[in-house]
Amino acid sequence: MAASGGTKAILAALFANAGIATAKFVGFLITGSSSMLAESVHSVADTSNQGLLLLGQKTSKRKATKEHPFGFGRDRYFYSFIVALMLFTLGAAFALYEGIHKLQHPEDLKSPIVAVVILVVAIALESYSFYTAIVESKKIKGDATWWGFIRQSRTPELPVVLLEDAGALFGLVLALLGVGLATITGDPVFDALGTICIGLLLGVIAIILIIEMKSLLIGEGATDKELRTIEDELAAGKVERVIHIRTQYIGPDELLVAAKLALRPGLETAEVAQAIDDAEHRVRAKVPAARLIYLEPDLDRNLAERVERH
């Protein structure tokens with residue numbers, strides 16, 4: 001569900017941004033507004049970003065090889081990280097450069113009403129994309145806050161699209177304010193200030209995404225809730241307790257679990273094998289993402305020592 005929901009949100013953002021980018025460029029050519037130019041480049045970057053996210057989803061489905069025995073699930077993290085870098089360079093850096101340039105060399109706007117109309121239409125299209133991302137994210141967000149979802153989600157596409165769309169909406173509002181104030185006051189400096197604000201906004205969003213995607217790319221373990229569930233399911237049946245456990249997401253939908261389990265003393269070899277199999281089945285039933293499970297049976301030496309002392 002996470003993968004299909006992410007694809008739907010990406011496609012909605014892709015089509016919306018492609019149309020918005022075209023309209024904004026036309027608006028910039030007519031008005032000469034730096035805010036419109038910054039928003040145009042931002043939309044082009046966003047459109048390219050959606051393409052990269054789709055590419056990551058496709059390449060991550062490649063079959064495992066001898067060189068990559070755990071598959072290519074992290075491709076989705078890699079391309080999401082590239083998206084964050086592009087948002088910073090093509091979006092934030094360009095907007096700041098253009099805003100500072102227009103602040104130093106102000107130019108009067110031409111046909112500002114055209115820019116206003118285009119920005120209003122763009123807000124409507126971007127709102128549709130943002131709404132789609134929210135609806136798809138709610139399916140997997142659970143009880144977490146939106147900030148918690150962005151920080152804790154192991155599926156990169158939805159947080160990326162959510163933040164991109166939120167940044168795009170706020171950016172459009174800033175561009176509308178810049179163009180509007182420049183038109184009302186006759187001072188093009190407001191347009192330049194709007195552009196700089198857009199650059200700062202995109203920079204903050206890009207830095208958040210870079211930090212989060214880097215963490216996923218390096219490797220994050222199961223969430224606290226998932227870890228508690230896994231430990232509870234492992235420590236059942238003929239398993240006395242979990243001695244230690246390590247987890248890591250090697251892809252958004254694939255969790256690696258490695259644990260050493262203390263089994264009841266006196267079990268036969270067949271019983272040990274059955275106990276391990278049962279533990280794996282219990283974990284997979286409650287945490288479907290736990291596809292790779294490696295369990296090492298052992299004796300509870302602390303329990304054995306207590307028994308000997310008595």
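Helices here are DSSP runs of H or I with at least four residues, and strands are runs of E with at least two. The model to which these terms are applied is a predicted one.

Q: What makes the span of residues 160-184 helix or strand, and how far apart are its end C-alpha atoms?
A: By DSSP assignment, residues 160-184 are 100% helix and 0% strand, and the end C-alpha atoms lie 36 Å apart. UniProt, in an unreviewed entry, lists this span as a "transmembrane region", along with others including residues 190-211. Over residues 190-211 the chain is likewise 100% helix and 0% strand, with 32 Å between the end C-alpha atoms.

Q: What makes Glu-233 and Lys-286 a link between separate parts of the sequence?
A: The closest N and O atoms of Glu-233 and Lys-286 are 3.2 Å apart, and the two residues form a salt bridge. Because Glu-233 belongs to helix α8 and Lys-286 to helix α9, the pair ties together parts that are 53 residues apart in sequence.

Q: How do you know whether Glu-233 and Lys-286 are buried or exposed?
A: Buried means under 20% relative accessible area and exposed means over 50%. Glu-233 has 17%, and therefore counts as buried, whereas Lys-286 has 53% and is therefore exposed.

Q: How do you know that Glu-280 and Arg-284 are separated by about one helical turn?
A: Glu-280 and Arg-284 both lie in helix α9 and are four residues apart, which means a separation of about one helical turn. Their closest N and O atoms are 3.4 Å apart, and the two residues form a salt bridge. Glu-280, with a relative accessible area of 16%, is buried, while Arg-284, at 31%, counts as partly exposed.

Q: How many salt bridges does the rule give?
A: The count comes to 13 salt bridges. Lys-8, Glu-136 and Lys-139 are linked in a network of such bridges.

Q: Why is Glu-226 said to have no salt bridge?
A: The cut-off for a salt bridge is 4 Å, and the nearest side chain of opposite charge to Glu-226, that of Arg-154, is 5.7 Å away. Leaving aside neighbours within four places in sequence, Glu-226 is in contact with Tyr-249 and Val-287.

Q: What makes Ile-113 exposed, and which patch does it belong to?
A: Ile-113, placed in helix α4, has a relative accessible area of 58%, and therefore it is exposed. Together with Val-117, Val-121 and Leu-125, Ile-113 forms a nonpolar patch on the surface, with about 350 Å² of accessible area in total.

Q: Why is Arg-241 called partly exposed?
A: Arg-241 has a relative accessible area of 31%, and partly exposed is the term for values between the buried and exposed limits, so the label applies. Arg-241 is placed in strand β1.

How values were computed
Residues are numbered from 1 along each chain as its sequence is written. This is a predicted model: local features need pLDDT of at least 70, side-chain atom pairs count only at pLDDT 80 or more; totals for chains, interfaces and linings use all residues. Side-chain values use heavy atoms; hydrogens and water are left out. Buried means under 20% relative accessible area, exposed over 50%, partly exposed in between (1.4 Å probe, protein chains only). Patches are made of residues with over 30% relative accessible area and no salt bridge: like charges are joined within 9 Å, nonpolar side chains (Val, Leu, Ile, Met, Phe, Trp, Tyr) within 5 Å. Accessible areas come from the Shrake-Rupley method with a 1.4 Å probe; for residues, only the protein chains shown count as cover. Lys and Arg count as positive and Asp and Glu as negative; His and the chain ends are not counted. Contact means heavy atoms within 4.5 Å. UniProt positions are given in the numbering used here, feature names are shortened, and annotations may be inferred rather than shown by experiment.
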